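Trainee: I am new to this structure and would like a close look at a single part. Please take the aromatic rings, how they pair and what surrounds them.

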Amino acid sequence: MTTATTTSTNRVSRDFEKPLWRRVLVSREMAIVALLVIVSAYAIAAVRGFGQPITLNYLLLDVAPILLIALPMTLVMITGEIDLSVGSMVGLASVVTGASVQAGIPFEVAALLALLVGVVGGAFNGFLVTTVGLPSLAVTIGTLALFRGLAVGVLGTTAVTDFPETWTALAKAKIAGTTIPYIMVPFLVLLVVFVVLLQFTPFGRGVYAIGLSKDAARFSGVHVERTKFLLFVLSGVVSAFAGIYFTLRFGSARGDNATGLELQVIAAVVLGGVSVFGGRGQIYGVVAAVLLIGVLSSALRLANVTSDVINVITGVLLVLSVVGASILTWLQRARRRPGRPPRVAASPAS
């Protein structure tokens, strides 16, 4: 207990030993924001068609599910856990929506059933992790296969495509007078909710505390198991909402919808500065990372680069970000190695 508390205190004290402006501007998150601006500016200038309004519209439509799921995933990973089942939950929610509509249930009720499935799936993950005590990596690998198996088992190889035109049109519609799709409205609402939850509430401080040290957080009065359970539920329900959007956008409910989406979400969260060991991360860095990956993919597709090459470039970018963060951490530790005399500020002249 003493060791965990000391480690947590040391990490937090190092975070706040620099001025606020330096902690904000000289950070991995701001580096991603700067890279997003540079890449976007270059793509607009050099890639034919990238600066067109329709490109922005399709870019946001493509990254919307990743943006949505990345919000709860950020909090889950800050606690030191992970949820690999989100892509399969998107597919399962899509299938539940499609099968319900096919059975004659109104779309609005079908969507509520899909959200309920998201709550149940997230609660199942949370129960196994917090109550049974299993590692989240093993649990969510299992539920990744379970949810996908259920999705494929319900519809098989068939697809449901008969959805109300009003809803399918809304999923692709633009906000009046802009090229921004309507899906950005619920995303912005959720973004505000998650930012407030993480940055301005005791719950959010508990999320960081858990990632720094579960023992220290529990000693400080944080309900570790309850907090993690709620985060897995949030991950499940937001993934289900993304599944409903995915279904309406493409007008098709299939068991293999969103296969591999979980890897894109986790890649964006890690690229955005969230530590895989927990305790560190900011939502704005994750949002910037999702947009950066989206801009790169869109620009490369317009430049006639194949999807395989795009995946390689994205993977290299992710590896470089992780390696770069590790190198910076090693350098910081080297500067604070034992026996090194502390820096002493010069006394003002009398």
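**Aromatic pairs and their surroundings**

Mentor: Start with Phe 246, which is buried, with a relative accessible area of 15%. Buried means under 20% relative accessible area, exposed means over 50%, and partly exposed is in between, using a 1.4 Å probe and protein chains only. The model is predicted, so local features need pLDDT of at least 70 and side-chain atom pairs count only at pLDDT 80 or more, while totals for chains, interfaces and linings use all residues. Residues are numbered from 1 along each chain as its sequence is written, and side-chain values use heavy atoms, with hydrogens and water left out.

A pair of aromatic rings is described by the distance of the centres and the angle of the planes. Rings of Phe, Tyr and Trp (for Trp, the six-membered ring) pair if their centres lie within 6.5 Å; planes under 30 degrees apart count as stacked, over 60 as edge-to-face, and the rest as tilted. The structure holds 2 aromatic pairs. For Phe 107 and Trp 167, the ring centres are 5.1 Å apart and the planes are at 40 degrees, so this pair is tilted. Phe 107 belongs to helix 6 (residues 107-130) and Trp 167 to helix 8 (residues 165-172), so the pair ties together parts that are 60 residues apart in sequence. Helices here are DSSP runs (H or I, at least four residues), numbered from the N terminus. Phe 107 is buried at a relative accessible area of 5%, whereas Trp 167 is partly exposed at 30%.

Phe 246 is paired with Phe 250, and this pair is tilted too, with 4.9 Å from centre to centre and 50 degrees between the planes. Both residues sit in helix 12 (residues 224-250), 4 residues apart, about one turn of the helix. Phe 250 is partly exposed, with a relative accessible area of 48%.

Thr 247 is also in helix 12. With 1% relative accessibility, Thr 247 counts as buried. Its side chain makes a polar contact with the side chain of Ser 94 at 2.6 Å. A polar contact is a pair of N or O atoms within 3.5 Å; within protein, one must be able to donate a hydrogen and the other to accept it, and residues adjacent in sequence count only if both atoms are side-chain atoms. Apart from neighbours within four places in sequence, Thr 247 is in contact (heavy atoms within 4.5 Å) with Ser 94, Phe 163, Ser 252 and Ala 253.

Beyond helix 12, look at Ala 258, in the loop between helix 12 and helix 13 (261-271). Most residues other than glycine have a negative phi. Ala 258 has a positive phi of about 65 degrees although it is not a glycine, and at 10% relative accessibility it counts as buried. Asn 304 likewise has a positive phi, near 65 degrees. This residue is in the loop between helix 14 (283-302) and helix 15, and Asn 304 is exposed, with a relative accessible area of 69%.

Leaving aside neighbours within four places in sequence, Leu 92 is in contact with Val 117, Phe 147, Leu 150 and Ala 151.

Note on methods: Helices (H or I, at least four residues) and strands (E, at least two) are DSSP runs, numbered from the N terminus.
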